[in-house]
Amino acid sequence: MKKRMTKFICLMLVLVLAMGMLAACGKPEQKPEEKPQEEAETEPETEPETDPEEEPVQEATVEYEVNPNAPTEDREGNPIAVPAEITKIASFAPSINQVLESLGLLDKVVAIDTNTPMYVSGVDSIAQFNMMEPDVEQIAALEPNIVFTTGMSYQDNDPYAALKEMGICVIVIPSSSSIEAIKEDITFIAQCFDDAAVAKATEINNEFQAEIDKIAAIGATITEKKRVMFEIAALPYLYSFGKGTFLDEMITIIGAENVFGDQEAWIPVTEEDAVAANPDVILTSVNYIEDSVGEILGREGWENVNAVKNKEVYYIDNGASSLPNQYVIKALQQMAEAVYPDVYEYEDVLDPAA
């Protein structure tokens, strides 16, 4: 399991580094070499040779009635035409599959990514694909009406281009940067289906927001704010985040301050900068190390960092803190109790280190 989680963390870092470089690349059209004028005139006309093994260009083969009430753009702004009837779903992101499960749509899912079984139970029998290099022929053979993907899958090209050419509705949902965007994602996914799904999404979002409001109300009363560093990758490749991320927003909600809050998005951090930041509390979601909390507490040269000196280092559930959906509430509760144990009280909310 740790190897699989390591792979997922690596994929998360790929997403962080690649979000600004997701434009598809194209090759310039090459002109055929021109023959000399005389040769062109004397050469007999022949039918062009064809390679029997050459695959024909795939033309659009899927036709369907469009749902007039569904969104006409995906969460990345791409135009989409959502089918009126959806009986088969392919979904290649654990966060999206958790939402589909919450909406009661998991029984329609015929294909998932290889990471989803770590976060959603009862899906082992569903066909699994590498979200970075999906086998589009096998996916097409499953005849999905709709395909959900994440921006993580798009690096140098569009791995789902062939499915789009077939006429299959492919929807991109990038990783959300805020709590509000997470709620909008949940609503968007539901709107691709029916009124019952939308009603369920509204219920999920209302409960989600109610829990956030409870924590935010307490956080607003805290005047002596602790300074927090949250590690999403450990040494020697230390990674954290600044503003413009839902995790930074969560630190603010509990009444604390992000030591890197003056920076933007997901960031690599030097060891020198981390030590100089001198956080009061260190949170880590690293689960590819046997004891991520112990590793931080034992770092050479960190003994004078307040969090290490006072043993204020805590593990926050990796899945809850890294998958942008309503389940980040668990991570928010863990963060609140870890940073302010005398203010927030939850029963058995803090997990042991991975």
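C169 counts as buried because its relative accessibility is 4%; buried stands for under 20% relative accessible area, exposed for over 50%, and partly exposed for the range in between, with a 1.4 Å probe and protein chains only. C192 is also buried, at 1% relative accessibility. The sulfur of C192 lies 6.9 Å from that of C169, its closest cysteine sulfur, which is too far for a bond. A disulfide is a pair of cysteine sulfur atoms within 2.5 Å, and a search of the whole structure finds 0 of them.

The model is a predicted one, in which local features need pLDDT of at least 70 and side-chain atom pairs count only at pLDDT 80 or more, while totals for chains, interfaces and linings use all residues. Residues are numbered from 1 along each chain as its sequence is written, and side-chain values use heavy atoms, with hydrogens and water left out.

The chain has 354 residues, of which 48% count as buried. Its secondary structure comes to 13 helices and 11 strands; these are DSSP runs numbered from the N terminus, helices being H or I with at least four residues and strands E with at least two. Contact means heavy atoms within 4.5 Å. Among contacts between residues at least 6 apart in sequence, 63% join residues at least 24 apart.

Helix α13 covers residues 328-339, and its 12 residues should span 16 Å at 1.5 Å a residue; the end C-alpha atoms are 16 Å apart, which agrees. The expected span is 1.5 Å times one less than the number of residues. Of the 12 residues in α13, 11 are buried, including V328, L332 and A336.

Helix α7 (residues 195-219) packs against α13 at an angle of about 10°, and the two axes are 10 Å apart. Axes here are lines fitted to C-alpha atoms, for helices over the stretch in contact, and angles run from 0 to 180 degrees between N-to-C directions. The two helices are therefore roughly parallel to each other, a term for angles under 35 degrees; over 145 counts as roughly antiparallel, 65 to 115 as roughly perpendicular, and the rest as oblique. On the α7 side the contact is made by F208, E211, I212 and I215, and on the α13 side by V328, I329, L332, Q333 and A336. These residues divide into 7 nonpolar, 1 polar and 1 charged. Nonpolar covers Ala, Val, Leu, Ile, Met, Phe, Trp, Tyr, Cys and Pro, charged covers Asp, Glu, Lys and Arg, and polar covers the others, Gly among them.

Several loops deserve a look. T150, in the loop between β4 (146-149) and α5 (161-165), is buried at 7% relative accessibility. Beyond its neighbours within four places in sequence, T150 is in contact with F92, A93, M131, V172 and I173.

Most residues other than glycine have a negative phi, and most peptide bonds are trans. E143, in the loop between α4 (136-141) and β4, has a positive phi of about 55° although it is not a glycine; E143 is exposed at 55% relative accessibility. N278, also not a glycine, has a positive phi of about 50°. N278 lies in the loop between α9 and β10 (281-284) and is partly exposed, with a relative accessible area of 26%. The peptide bond from L235 to P236 is cis, with omega near 10°, and P236 sits in the loop between β6 (227-231) and β7 (239-241).
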